[in-house]
Amino acid sequence: MHAVFCSPSRYTQGKNATAVLGKEMAGLGLRGPALIVAGKSAARRLADLWKVSLGEAGIRYTVHAFGGECSPAEIERVKTAARQEGARVVVGAGGGKVLDTARAVAADLDLPVVNCPTVASSDAPCSALSVIYTEEGVFHEYRFYRKNPDLVLVDTQVIAHSPPRLLVAGMGDALATWFEARTCVEGHVRNMRGGASTRSALALARLCYDTLIEDGAAALQAVRTQVVTPALERLIEANTLLSGLGFESSGLAAAHAVHNGLTAAAATHAYYHGEKVAFGVLVQLVLEGQPQSVVEPVLRFATAVGLPVTLAEIGLKEFSGDLLEQVAGRATARGETIHNEPFEVRPDMVADALLAADALGRDWQKHHGGPVGDDIPW
Ligand SMILES: [Zn+2]
């Protein structure tokens, strides 16, 4: 098995980076016409900036309003719009689902793609894959593409004004990266590109975790104050670039499979990907039998920034036997990344680990306090 490392062709991050979007695109030979797929608030916030930035670069564009879910039907709608406009490049601007849709459309039409995340809520922007959901929001499938985005441009001024809860969700997604990467490397399994991991990818995954621990709380404070600070810049890089490179080039394991399982419970749909993944990290650590010295820093970090450590915090106050079975069954479905764990994982083991992780989280909150009630900033 060869080692494979992949990444976007260009990653640009900084305060007011949208001002150089047109220049960056033109520099990469992406001259349009462009179809911009944008979420509502992204379009509202960025419309004037696009006019100037893309206008100066001479890039014609039209904006397609995102339908709300990265589903097969929405992907078809955007493809139709791209064909009608004669688009030669697809730009996604908004949250994870918008960008996932833009990448899916670009891959189907064999066009270059630019991702402009307006929140740092997941590690999807840099990847060459999308997570596809049904119209109802249930996990459907992963789609893999030939190549990573041509450009990922992150405007940290925009993210400083995004909802704090979304930044924290991104920390939840990034929290999983190191633990899943390490498991994959130790087990010598294939990464998301079908190759072995590199030392580079594992080192980036570790840097991702260390950055969360060191800068997570300060970055959250910056977003609550709506200011850009060095800690926020570092944390956004961890959520978006380090986590993205780490997971794709090292691999996923139990945490993301547990997330996919949790989407089978409708009550969890009100919670973000990264929030469910964060709880999935705890489940993975329990499943792997990790010692207290590994589990405790995760519990401490999660509660400090307001990530869920209990089932109740992801909408599962009532978790009946049937539902538990469904979630565990979905998490261990054939082809799931939980089978990258270095031992056979059966549904009953996941069901036990879900309840054990919940008990750990409740116990931690009882003894150390947790951001319950008024302490939660959202
Ligand atoms: Zn994720």
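## Basis

The model is predicted, so local features need pLDDT of at least 70 and side-chain atom pairs count only at pLDDT 80 or more, while totals for chains, interfaces and linings use all residues. Residues are numbered from 1 along each chain as its sequence is written, and side-chain values use heavy atoms, with hydrogens and water left out.

Helices (H or I, at least four residues) and strands (E, at least two) are DSSP runs numbered from the N terminus. Two strands pair if DSSP finds at least two bridges between them.

## The six-stranded sheet

Six strands form an open sheet with parallel pairing, in the order β1-β8-β5-β4-β2-β3. Its edges are β1 (11-14) and β3 (61-65), each of which pairs on one side only. From one strand to the next the twist averages 15 degrees.

Helix α3 (residues 72-85) lies across β2 and β3 and runs at about 160 degrees to β3. Axes are lines fitted to C-alpha atoms, for helices over the stretch in contact, and angles run from 0 to 180 degrees between N-to-C directions.

## The β6-β7 hairpin

Strands β6 (residues 129-133) and β7 (residues 139-144) pair in the antiparallel sense over five bridges. Ile-132 stands opposite Glu-141 in β7. The two strands form a hairpin with five residues between them, and Gly-137 in the turn has a positive phi of about 90 degrees.

## Glu-69

Glu-69 lies in the loop between β3 and α3. Its relative accessible area is 13%, so Glu-69 is buried (under 20%; exposed is over 50% and partly exposed in between, with a 1.4 Å probe and protein chains only).

Leaving aside neighbours within four places in sequence, Glu-69 is in contact with Glu-74, Lys-97, Thr-101, Tyr-133, Thr-134, Glu-135 and Gly-137 (contact means heavy atoms within 4.5 Å). The side chains of Glu-69 and Lys-97 are joined by a polar contact of 2.7 Å. A polar contact is a pair of N or O atoms within 3.5 Å; within protein, one must be able to donate a hydrogen and the other to accept it, and residues adjacent in sequence count only if both atoms are side-chain atoms.

## Glu-288

Glu-288 sits in the loop between α10 (273-287) and α11 (292-305). Beyond its neighbours within four places in sequence, Glu-288 is in contact with Thr-183, Glu-341 and Phe-343. A polar contact of 2.6 Å joins the side chains of Glu-288 and Thr-183. Pro-342 is 54 residues from Glu-288 in sequence and 8.9 Å from it in space, C-alpha to C-alpha.
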